[in-house]
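Here are some questions about the terms used for a structure, each answered from its definition. The structure comes first.

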Amino acid sequence: MMPGGKNVGSFTDIHSHMLSGVDDGAHDDNEMFLMLDMAYKTGTRRICLTPHFNPEIWGDNNQKFEDAFARLSEYTAKNYPDMSLYTGNEICYSQSSIGQLNRRECKTLNGGKHVLVDFHPGESYCAIRSALLDLMGYGYIPVLAHAERYECITSTLDELHELNWLGVVIQLSASSLIGRRGEPLRKKTFKILKKGLADVVASDAHNITTRPPCLDGAAKILSKLCGENCAALLLRINPDKILGL
Ligand SMILES: [Fe+2]
């Protein structure tokens, strides 16, 4: 039986820093392959690789992305033929982001309309809302990465309600849900889930120790908290839709 339970099935992870040498994720190919092994063993069968896109910090990492993706694809095809990989980016939003997206200098999720986007932790709600609306105005569908971490949209949840209503996709991190990031964030993540404001739970994996590529723990908690159908929605059905599968 899959780790997610019979009604949850396998998982689709739309937020992963597994590619080696591209950002602050896997440092080398050995770590990248170990991360893939771990993801497979814990029930993930579809992964969208989403290195940070922020030229000010990471430079132009597109070639490194392509090279690491080719190496990971080869390893995956050889060892796990039923695992599928897709490309994307986690875009650190700036004034340049829309131009970069339009010129395809950075990647949407699996080449569709969804864009995984994050902001500086101290950004105001007004700035976040305006940026997300700008993206939508250009035909993109923003997926707000680890939404639980922004104090400005989670203190009362009114702002999160509004973003949800506007059509922003809300992604929570498995690490917050299972309590790896501390009790306050775990409680906040539960609150968001209980209000029905989350669309996706993803790993945001960076390594095999502190930020692993595992969704099985989140599946167990989600199944208890809101039922197996809800767990399936957040870990497989919605992420598959986002990737256009
Ligand atoms: Fe991330």
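**Burial, pairing and handedness**

Q: In strand 2, which residue is the bridge partner of Thr12?
A: The partner of Thr12 in strand 2 is Arg46. This is a predicted model, where local features need pLDDT of at least 70, side-chain atom pairs count only at pLDDT 80 or more, and totals for chains, interfaces and linings use all residues. Residues are numbered from 1 along each chain as its sequence is written.

Q: What makes strand 1 and strand 2 a pair?
A: Two strands pair if DSSP finds at least two bridges between them. Strand 1 and strand 2 have 4 bridges, in the parallel sense, so they meet the definition. Strands (E, at least two residues) and helices (H or I, at least four) are DSSP runs, numbered from the N terminus.

Q: Which residue of strand 4 is the bridge partner of Arg46?
A: Arg46 has Ser84 as its partner there. Strand 2 and strand 4 (residues 84–87) run parallel and are joined by 4 bridges.

Q: Why is Ser20 called buried?
A: A residue is buried if 20 or more other C-beta atoms, placed from the backbone, lie within 10 Å of its own, exposed if 12 or fewer, and partly exposed in between. Ser20 has 22 such neighbours, so it counts as buried. Ser20 lies in the loop between strand 1 (11–16) and helix 1 (29–41).

Q: Why is strand 2 described as largely enclosed by the rest of the structure?
A: In strand 2 (residues 44–49), 5 of the 6 residues are buried, so the description applies.
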